[in-house]
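Dear colleague,

Please find the structure below, together with its sequence.

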There are 2 protein chains.
Amino acid sequence: MVSALDLLKQKILAEGEVYEGNILKVDCFLNHQIDCVFLREIAKEFHRLFKDEGVNKVLTIEASGIAIGAMVAAEFGCPLVFAKKSKTSNIGTDVYVTQIASYTHNTTYNVMVSRRFLNEGDRVLIIDDFLAVGNALKGLINIVNLSGASLAGCGTVIEKGYQHGGDALREQGIKVESLAIVESMDHKTGKIVFRD
Amino acid sequence: MVSALDLLKQKILAEGEVYEGNILKVDCFLNHQIDCVFLREIAKEFHRLFKDEGVNKVLTIEASGIAIGAMVAAEFGCPLVFAKKSKTSNIGTDVYVTQIASYTHNTTYNVMVSRRFLNEGDRVLIIDDFLAVGNALKGLINIVNLSGASLAGCGTVIEKGYQHGGDALREQGIKVESLAIVESMDHKTGKIVFRD
């Protein structure tokens, strides 16, 4: 039987598209159309990696982190909290806020989490679909720190290893687990090489 | 044992907050912090309601529809597609687009779905967290129609019955199933009455 990790690599190779500007498009199974049966297997893998960390809350960021975050939270039997990207009239003023720079969109935006949903005593696993330069994770880690909660670690489905955001976080002693790490991509040939 | 439907009503009564301007805030379990174990039970209920409809794709809209949409898609063993609210540099130009008016935010925005993920032959179940005046559902139905796919129906977790968006769709012959229908709310007393 093919493991979820092998299947992930196979899907990246078969369905992923490489574009100029370091873009790996996997929107056919991860972040526009979502293969939810596969995602459930991926979620079990995150549970295996972090099950001894005392996780009682999963934190992600809208929108493309929500599906995998929800699956992971269901595996842990704990709530998912997703950070919101813009202030809506429904969110209230009592929020943790941090700024995140978007590498892809070359802009900066605020993300926020209600103070009611993250506090001292919480043990937080951050989950996201992608890890590249690491700006989204850094923002979410900042929110965890603002809340007084402790960080169990970070799990991402696909890491672009050559952008070194994950390595920088690991050097800080943070447990960062990515299920597939892309070491290099070539938009001319479409070739994708994984880190061992 | 308490059914998922009864538990949903209990949670709305115990954890929901009623605000002036027809706002029912259930962000502690449905759309900011998400009770994913509960959501999985809710998803099974949608599967029960639509299992004979030949569904091969679940369609929702970012951001708060994604978690429940993903759980429902996993129950059906089919993909989830979520409509995106703004054009990102990653989505490509080959999309179905429709406009949706936001009652809550008093604004209009475009939503889009890649043509690759919705086509003739698809049988689509639309899932969302809330149904009020029905603008989001109407937009998603329009996208289904643009794609040539057929509509199996719409499932929402909470419907505000007194805003009649669901009733208008039902009168058009569309199968609309909401797991809890709020018939009236009073922001002064906090009282919530469900439709029988």
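Strand β4 (residues 57–61) of chain A is mostly covered, with five of its five residues buried; buried means under 20% relative accessible area, against over 50% for exposed and partly exposed in between, with a 1.4 Å probe and protein chains only. Helices (H or I, at least four residues) and strands (E, at least two) are DSSP runs, numbered from the N terminus. This is a predicted model, in which local features need pLDDT of at least 70, side-chain atom pairs count only at pLDDT 80 or more, and totals for chains, interfaces and linings use all residues. Residues are numbered from 1 along each chain as its sequence is written, chains are lettered from A and ligands numbered from 1 in the order in which they are written, and side-chain values use heavy atoms, leaving out hydrogens and water.

In a regular strand the side chains alternate between the two faces of the sheet. On β4(A), K57(A), L59(A) and I61(A) lie on one side and V58(A) and T60(A) on the other, and both faces are covered.

Which strands does β4(A) join? Three bridges link β4(A) to strand β8 (residues 123–131) of chain A, in parallel, and V58(A) has L125(A) as its bridge partner there. Four bridges link β4(A) to strand β5 (residues 80–83) of chain A, also running parallel; in β5(A) the partner of V58(A) is L80(A). Between β4(A) and β5(A) the chain passes through helix α3 (residues 66–76) of chain A, and this β-α-β crossover is right-handed, a term for a path from the first strand over the helix to the second that runs clockwise with the strands pointing away from the viewer.

Seven strands make up an open sheet of mixed pairing, in the order β11(A)-β10(A)-β9(A)-β8(A)-β4(A)-β5(A)-β3(B); two strands pair if DSSP finds at least two bridges between them. At the edges are β11 (192–194) of chain A and β3 (33–34) of chain B, each pairing on one side only.

How are the two copies related? A rotation of 180° with 0.0 Å of shift along its axis superposes chain B on chain A, with an RMSD of 0.0 Å, so the two copies are related as by a two-fold rotation axis. The superposition is by least squares on the C-alpha atoms of residues with pLDDT of at least 70 in both.

Yours sincerely
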